[in-house]
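I opened my notebook to look through one structure, a few residues at a time. Here it is, so please follow along with me.

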Amino acid sequence: MKSISSILFFRFVLIFLSQIIVFNNISIFGISADIYIIFLLIFPRNTNKSLYYFLIFLYGIFLDSFSNSFGIITFSLLVTSYIRPYLLDFSFGNFDMRKVGKVRDYLINTTIYQKLTYISLVVLSHNFVLYSVEIFSIYKLQLIIKNATISSLISITLMLIIISLFYFKNER
């Protein structure tokens, strides 16, 4: 049986390479899809918080270095990872967290509305922070909202396709 750390490393490398090689080069309406958020979505909930934030930080630094985004991705990933437990609680309600440590179990054992709410909230919050820091002007709030919305719709669509291919195969 594979250990959790080897599975996390494999996911880290696979999502990282697919983002850098494929999805950074695809532009829809002038905006590229942020598939790297999948790593944040499916990261196990029962891990050490210090290790969790450190891995998210490393993940963001690697993405920033290949995307030339000067730390914006790292900052938005860290903010989103900090509010992720609240988004999990809001999306899944009274789901017993002592029995379920993997987010995969959240995604498989719940309704489509809960899954879509969780994915949408995480992606929207990440993209809003990302574009707020990138544009960094209150006068361009309309542009921030437009870019965050378009990027979120593109990312959510592609992420649902990818997640359904890899995680929901047991439901069929």
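**Entry 1: Ser76.** I looked up Ser76 and found it in helix H4. Helices here are DSSP runs of H or I with at least four residues, strands are runs of E with at least two, and both are numbered from the N terminus. This is a predicted model, where local features need pLDDT of at least 70 and side-chain atom pairs count only at pLDDT 80 or more, while totals for chains, interfaces and linings use all residues. I also noted that residues are numbered from 1 along each chain as its sequence is written, and that side-chain values use heavy atoms, with hydrogens and water left out.

Is Ser76 buried or exposed? Ser76 is buried, because its relative accessible area is 0%; buried means under 20%, exposed over 50%, and partly exposed in between, with a 1.4 Å probe and protein chains only. Apart from neighbours within four places in sequence, Ser76 is in contact with His126, Val129 and Leu130 (contact means heavy atoms within 4.5 Å). The side chains of Ser76 and His126 make a polar contact at 3.4 Å. A polar contact is a pair of N or O atoms within 3.5 Å; within protein, one must be able to donate a hydrogen and the other to accept it, and residues adjacent in sequence count only if both atoms are side-chain atoms.

**Entry 2: helix H6.** Next I turned to H6, which has 24 residues. From first C-alpha to last, H6 reaches 34 Å, close to the 34 Å expected at 1.5 Å a residue (the expected span is 1.5 Å times one less than the number of residues). Among the buried residues of H6 are His126, Val129 and Leu130, and these three are also the contacts I listed for Ser76. Just after H6, Phe136 takes a positive phi of about 50°.

**Entry 3: the second largest pocket.** I then looked at the second largest pocket, with a volume of about 300 Å³. On a 1 Å grid over the protein atoms alone, a pocket is an open set of points where a 1.4 Å probe fits, with protein on both sides within 12 Å along at least five of seven lines; lining residues have an atom within 4 Å of a point. Which residues are closest to the centre of this pocket? Of its 14 lining residues, they are Ser32, Asp34, Leu130, Tyr131 and Glu134. Strand S2, H4 and H6 each give two or more residues to the lining, and H6 gives the largest share, three.

Entry 4: Most residues other than glycine have a negative phi. Asn68 has a positive phi of about 55°, and Phe70 also has a positive phi of about 55°. Asn68 is exposed, because its relative accessible area is 60%. Phe70 counts as exposed too, at 80% relative accessibility.

**Entry 5: helix H7.** H7 has 26 residues and reaches 36 Å from its first C-alpha to its last, close to the 38 Å expected. What do its buried residues pack against? They pack against strand S1, S2, helix H2 and H6. Ile144, Ala148 and Met159 are among the buried residues of H7.

**Entry 6: Gln19.** Last, I found Gln19 in helix H1. Gln19 is buried, because its relative accessible area is 1%.

Conventions: Points joined across faces, edges and corners; volume = space filled by probe spheres on them.
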